[in-house]
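Please keep the sequence and the 3D view at hand while reading.

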Amino acid sequence: MPQSNKALRIVAANGEVALIVTLAVVIAVFSGLSEYFFTLRNLTNVLGQASIILLIATGVAVALIGGEVDLSVGSTVAAVAIPLIGIMNATGSLTLGIAGALALGLLIGAVNGYLSAYMRINSLIVTLGTLFLIRGGVYLYTGKRATADTAYLDSFFAIGNGRLFGILPYPAVIAGVVVIAVIWAMRHLRFGRRIYAAGGSAEVARLAGFDVARIKFACFIISALMATLASILLASRLGAAVHTAGDGYEFQAIAAVVLGGVSLAGGVGNILGVVLGVLILAFVSNGLGMINAPTEWQLVITGLVIIAAVALDSLKKRWR
Amino acid sequence: MPDKTKQAPALRVSGLTKRFPGVLALDDVSLEVHSGEVLALLGENGAGKSTLIKMLAGVYVPDGGTIETKGQERHFTSPADALAAGIKVVFQEIALVPEFTVAENIFLEDHLAGRFGKVGWREIRRRAAEIFERAGFDIDPDAKVRDLPISQQQLVEISRALAHEAEIVIMDEPTSSLTPAEVRHLFQVIERLKSLGIAIIYVSHKLEEIFEIADHCTVLRDGRWVSSKPTAEHTNASLVTDMVGREITDMFPRTDRTPGETLVKVEGLSTRRLLKDLSFDVRAGEVVGFFGLMGAGRTELAKALVGYDPISEGTIRIADKPLSPHDTRTGKALGIGLLSEDRKEEGLMLDTSVTRNMTLATLDRFTKAGFVDTAAETKAAQGYTDRFRIKMARLDQAIRTLSGGNQQKVLLSRWLMHGLKVIVLDEPTRGIDVGAKAEIFALIDELAAEGFAVILMTSEMPELLGLSDRIFVLSGGRITGSFDRAGATQEGVLDAAIK
């Protein structure tokens, strides 16, 4: 079995080639515009920064592939950092802190999943609700103040700020490993294939004997866990649980996911595309910063890139 | 078959009952089917066929009665249970994941997963290819199901049955969207399944298929069992009587009528895609039938005639006035309208009331200063529902809840209300019961007698021969044969259709 051929075919069949080309063009253009852009330091920095959105986007993509939306991920990022930092400050234990963060993350995922998958309430509405609810809860609980990390654990500091061999930021390493695992699972685990089936054709999945509600419930759990992981990385970078953290991340994530070719209708998409989508948006944003473009323009250009990419994709489908 | 009746039947259903809130959908129904045998399950819409099938598929749980396979009682609480017991249902709405490959769909239930739930991709492809070889199907296991025609998707479903070593295969209206050649192939596949010892339950509206393929017939009506007999003991009429519950003496009533003025005159009509140089005319009081196999151009002609699709050459004149191409508005104004093949996609607003659906094209007439006069609207709608005997509870009922035949009548009312003189009907009885069909046929005759010109596009031979005053046969976008009523035979028409 010519493995490389097969890999090429998969890439071509899923339209990732266009994304790779786009990414290459973005990198080439900014390399030309700024001498500081194409440097090891800058490229690895971007990977580090992008890893937080990458984790969130991967979770959101799994939910979308399963036919559901999760808008609550940005608020989740702020919420789970509170038990993380709080418990670490109180006990001095990173493990307990992370356990606390995971527990709250699981709870949020379970609430979203229960209401959407079992109570059959539209997940767009449910998670729009929990988006506000969680953010409001965070503001009330913290009195709109950030809680600084006062445990000063080296291990916690390293998670967000260290570099592997002094080169590759740990967040990029962690996100990379996790996302590769998700890519593999979505393709090679029966459960991953069932998420595609349930999202693409719930009725077919039901007739095949799958517990569709359970599959969709799991999607919200996965999405919340990915947001929790992102929150831990972010809290380490910031050295605090910040009440405004993650604000608007849900839309940055969805933008990258859609750019990466995941269908909003469910059942279609590839996490590899999502990785490329995240990288394209991250490099565009970083490159514009490098050439001192005002942030207003970063927003405008990000918007244009998303629309252009998706428009190209639907044109391509029409030609087929 | 004395040797077969000795052993337990592949499937035996006894006293099966299912209630839904307010309805008894299935009431004490029994049937049995043996290995290597085809049982036809017949009945009108609402007779309980779908409910029965869904219980056999494990989608519904029965309220009473038993299901036995090979003499063993079974209780299904999910589709997985039914499959484990060897029952595979091929639904009309194909239950495959369109984005997955053929091979993956065949092993959708368990993905041949090994330890830790790892998908056995290699094994999936190998076994899919093996099944295709054994069954003699020519399908690419790596193709996406989305890209296959319905006929091949059905074969994929049947392959799924083979993969699970199903002993009972239930096919729900399998030929409803197949071409005649595909139907032939499906019948060969069914013979093949029989020879493998698989029991088949075949659900269909099309009686001629039943006589060709079924060994036994079980008929349901209003949720109850009516009869079970070997097919050989049935005639067309006896089957219809069992299904409808009354004798339909004349499926195609015919009033004496004399054609009047020419209402439609088509000369040299061509479209860029398909139609080539068609010329014909249709007079008031006439039913002109167009026959053609799939892809022959029936629907294309219907759409071009009412100005829905552009034409590249030729002229269409309605009541001696030219119809400019690609202009349904003048089409309507001149008095030609289309009742399309796909009622749900192109004609009906499913969740809207009967009245609103009926008055959609004529809303101007009931509107004063921008306000709709609902009293007048309701009165007009009531007139048509009475005239066409449309069965419904209330005029403000959502049209979704009406039967196919009654929906068709509502659409017809819409165009008559608009003052049409020429009605183009594209497959007017697709998916409609025998009983309702007879009513639609009577209605078509009635309309012609009243002086309407009716253009009928159909792929149903009995309907064509029974209704048409004149017949044109289409093949590859051309007229390849024309017959008058007296000279038309099934052989002649088919001959022209495959030219």
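**How the parts are arranged**

In this predicted model, the C-alpha centres of domain 1 of chain B and domain 2 of chain B lie 35 Å apart. The contact between these two domains takes twelve residues from domain 1 of chain B and nine residues from domain 2 of chain B.

- The domain assignment places residues 2-244 of chain B in domain 1 and residues 262-497 of chain B in domain 2.
- About 850 Å² of area is buried between domain 1 of chain B and domain 2 of chain B, and carbon and sulfur atoms give 58% of that area.
- On the side of domain 1 of chain B, the residues that lose the most area to domain 2 of chain B are Glu44(B), Asn45(B) and His205(B), which together account for 41% of what that side buries.
- Helix 9 of chain B, residues 236-244, gives the most to the side of domain 1 of chain B that touches domain 2 of chain B, with three residues.
- That side of domain 1 of chain B divides by class into five nonpolar, five polar and two charged residues.

**Where chain B meets chain A**

- The contact between the chains takes 23 residues from chain B and 18 residues from chain A.
- The area buried between chain B and chain A is about 1800 Å², with carbon and sulfur atoms giving 64% of it.
- In chain B, Phe100(B), Glu109(B) and Trp121(B) lose the most area to chain A, and together they make up 24% of what that side buries.
- The rule finds one salt bridge across the interface of chain B and chain A; Glu104(B) forms a salt bridge with Arg193(A), in which the closest N and O atoms are 2.6 Å apart.
- Seven residue pairs are found in polar contact across the interface of chain B and chain A, counting pairs with both residues at pLDDT 80 or more.
- The side of chain B that touches chain A has 15 nonpolar, two polar and six charged residues.

- Helix 10 of chain B, residues 298-305, is largely enclosed by the rest of the structure, because seven of its eight residues are buried.
- Among the buried residues of helix 10 of chain B are Arg298(B), Leu301(B), Ala304(B) and Leu305(B).
- Helix 10 of chain B is followed by Gly307(B), whose phi is positive, near 85°.
- Ile316(B) lies in strand 14 of chain B, residues 313-318, and is buried, with a relative accessible area of 3%.
- Leaving aside residues up to four places away in sequence, Ile316(B) touches several residues, including Ala304(B), Leu305(B) and Val266(B).
- Ile316(B) and Val266(B) are 50 residues apart in sequence, while their C-alpha atoms are 4.6 Å apart in space.

**Ala227(A) in chain A**

- Ala227(A) is found in helix 11 of chain A, residues 212-238, and is buried, with a relative accessible area of 0%.
- Not counting residues up to four places away in sequence, Ala227(A) touches Ile56(A), Val73(A), Thr76(A) and Val77(A).
- Ala227(A) and Arg206(A) are 21 residues apart along the chain, and their C-alpha atoms are separated by 29 Å.

How values were computed
Residues numbered from 1 in each chain as written. Chains lettered and ligands numbered in written order. Predicted model: local features only at pLDDT ≥ 70, side-chain atom pairs only at ≥ 80, totals over all residues. Heavy atoms only, no water. Helix = DSSP H or I, 4+ residues; strand = E, 2+ residues; numbered from the N terminus. Buried < 20%, exposed > 50% of the residue type's maximum accessible area, 1.4 Å probe, protein only. Contact = heavy atoms within 4.5 Å. Domains from an automatic or database assignment. Buried area = accessible area lost by both parts, 1.4 Å probe. Nonpolar A, V, L, I, M, F, W, Y, C, P; charged D, E, K, R; others polar. Salt bridge = Lys/Arg side-chain N within 4 Å of Asp/Glu carboxyl O. Polar contact = N/O pair within 3.5 Å; in protein donor to acceptor, adjacent residues only side chain to side chain.
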